[in-house]
Amino acid sequence: MTRLFGLAFNQWFEKWMFFIVPGSLVLGFLFSEPLLPFVDWVPYLFAFVTLTMAIGCSLEALRVVLMRPLPILWSLSTAHLLLPLIAFGMGVLLFGAASPYTVGFVLFALIPLGVSSVIWVSLSGGSIALMLALVVVDSAISPLVVPFGIQLFFGTGVEVDTGKMITDLLVIVVLPTVAGVLLHQLTRGRINDTVRPVAAPLSKLCFVAVVALNASAIEPYVMELKGDLLMLAPAVIALVGISYAAGFFSALPFRDRELLVTLSYASGMRNISLGIVLALGYFSPAAAVPVVLGIMIQQPVATLHFYVLQKFNKRKSGIPRQGQVR
């Protein structure tokens, strides 16, 4: 009974997550005061979400996709080289180089790829193995990418405890990822089937809790920025849209439908919860506002992108139906 309920709840959550995640953000704002005492739980909740994701990924699946490193390198270059440049340019143009909003824009482009992208890649007919590999690899290198990227763009203009950031990323992202993959390997994948009915729905609730708790932490600051939101919100919408478009167009030269789907979602969806954790932990709360807005925008745009991909695949019959990356 518990197994059936857990799997059914997980399926329901994945179907409606583009409503649930923004809804949890709103609840975090509305119930900010009672939720604030629990904000310290966020890193542990987030680590559990990462662990649950990694349990579903085997070393063999990683080995297969890593044998063709070009799509991975191409996707990560688009996500963490091209898009941070675009984000920085947008921030400087609209708010100035010293603005915390500009920091938030760049942070949005530097944080690892989002775990929820695996769900959308599966629904859209992309390569689940490649998307999982991208998430795992990107999570593993995030302790280097995020601090280095911030220092590269802002230098001494933003004071960041790089050592502590690297340690935190190792604890809440890298170590749970390594532990999950090793557990999958040691049990030959059986652990995933065994714990999924409980772990999968519980990780979804933890994910919602992370979003709501972080929203409660920045609620007082967001309320003071009502005037700025008139310019900030459209800018974040544009940045999220550009992120999806960059992945989409960068994948066209491969002429592979699976890669087109996978790389476009990889570029468009980021680990927003981790972004909020980092923004609140190392920057001014204002820097977290673009990341928070990204939560509200990312999932609805993912839905729109799903329909764009369906239309594109119907029109472009020349792109092979079966990709070579699995």
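**Surface and pockets**

Val26 sits in helix α1; helices are DSSP runs of H or I, at least four residues, numbered from the N terminus. This is a predicted model, where local features need pLDDT of at least 70, side-chain atom pairs count only at pLDDT 80 or more, and totals for chains, interfaces and linings use all residues. Residues are numbered from 1 along each chain as its sequence is written, and side-chain values use heavy atoms, without hydrogens and water.

Val26 is partly exposed, at 38% relative accessible area (between 20%, under which is buried, and 50%, over which is exposed; 1.4 Å probe, protein chains only). Val26, Leu27, Leu30, Phe31 and Met296 make a nonpolar surface patch of about 470 Å². Patch residues have over 30% relative accessible area and no salt bridge, with nonpolar side chains joined within 5 Å and like charges within 9 Å. A salt bridge puts a Lys or Arg side-chain nitrogen within 4 Å of an Asp or Glu carboxyl oxygen. Helix α1 (residues 2-30) gives the most to this patch, three residues.

A pocket is an open set of points on a 1 Å grid where a 1.4 Å probe fits, with protein on both sides within 12 Å along at least five of seven lines; lining residues have an atom within 4 Å of a point. Of its 42 lining residues, Glu14, Val115, Val118, Ile119 and Lys204 are the closest to the centre. α10 gives the most to this lining, with eight residues.

The second largest pocket has a volume of about 240 Å³. Among its 15 lining residues, His80, Leu81, Leu110, Val145 and Phe148 are the closest to its centre.

Conventions: Accessible areas come from the Shrake-Rupley method with a 1.4 Å probe; for residues, only the protein chains shown count as cover. Helices (H or I, at least four residues) and strands (E, at least two) are DSSP runs, numbered from the N terminus. Grid points are joined across faces, edges and corners, and a volume is the space filled by probe spheres set on the points.
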